Amino acid sequence: MTIALILAVLIGAVAGSRTMLAPAAVSWAAYGGWLDLSGSWLFFLGHPVSPWVFTAMAVGELVTDKLPNTPSRKRPFPFASRIASGAIAGAAIGANAGAWVPGLLAGGLGAVAGTLLFYEARRRMAAAFDRDRPAALIEDAVALTVALLVVAAA
């Protein structure tokens with residue numbers, strides 16, 4: 001169960017970077033049979049339509065994040081949605097190990113940490129590159145890689 005909680009924190013951190021990427025990755029894993037969510041309230045993540053919906057929302061987020069006036073992720077609404085997204089994705093990882101409540105909490109905490117850490121890292125990278133786009137692309141690549149590794153390990 002300890003490994004599942006570590007993975008839940010990591011998928012939560014992904015949600016802290018890219019809100020919809022975490023549920024998209026978890027949904028694809030549930031749909032593909034890598035995560036067993038049957039019998040839990042998270043069964044909807046494995047529905048055949050869910051991965052497509054979450055992926056469309058994740059792609060939309062990736063595109064809008066590159067716009068010139070993207071709002072700060074630390075503003076109340078984006079911050080709350082990142083926590084909710086991380087908590088749900090963490091609960092799914094935890095449910096696969098029979099511990100959805102600890103997974104929910106770990107995913108939510110991971111989302112808080114990921115939001116703050118990714119925000120600071122991107123701010124510093126943008127300053128180093130003297131523009132935001134390269135920093136945003138690096139952040140995208142890191143978040144996607146971590147999400148794939150987490151669902152593969154779960």
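Modeller: Start with Arg18, which counts as buried because its relative accessibility is 1%. Buried means under 20% relative accessible area, exposed means over 50%, and partly exposed lies in between (1.4 Å probe, protein chains only). This is a predicted model, where local features need pLDDT of at least 70, side-chain atom pairs count only at pLDDT 80 or more, and totals for chains, interfaces and linings use all residues. Residues are numbered from 1 along each chain as its sequence is written, and side-chain values use heavy atoms, with hydrogens and water left out.

Where does Arg18 sit? It is in the loop between α1 (2-17) and α2 (21-31). Helices (H or I, at least four residues) and strands (E, at least two) are DSSP runs, numbered from the N terminus.

Now the partners. The Arg18 side chain makes a polar contact of 2.6 Å with the side chain of Asp140. Another, of 3.1 Å, joins the side chains of Arg18 and Glu139. A polar contact is a pair of N or O atoms within 3.5 Å; within protein, one must be able to donate a hydrogen and the other to accept it, and residues adjacent in sequence count only if both atoms are side-chain atoms.

Next, the whole chain. It has six helices and zero strands. The radius of gyration is 15 Å, close to the 15 Å from the globule rule for 154 residues, so the chain is as compact as a globular protein of that length. That radius is taken over C-alpha atoms, and the rule is 2.2 Å times the number of residues to the power 0.38. Of the 154 residues, 44% count as buried.

Last, the rings. There are three aromatic pairs. Rings of Phe, Tyr and Trp (its six-membered ring) pair if their centres lie within 6.5 Å; planes under 30 degrees apart count as stacked, over 60 as edge-to-face and the rest as tilted. Trp28 and Trp52 have ring centres 4.9 Å apart and planes at 75 degrees, so this pair is edge-to-face. Trp28 lies in helix α2 and Trp52 in helix α3 (residues 50-64), so the pair ties together parts 24 residues apart in sequence. Trp28 is partly exposed at 29% relative accessible area, while Trp52 is exposed at 56%. Trp41 and Trp100 also form an edge-to-face pair, 5.4 Å centre to centre with 75 degrees between the planes.
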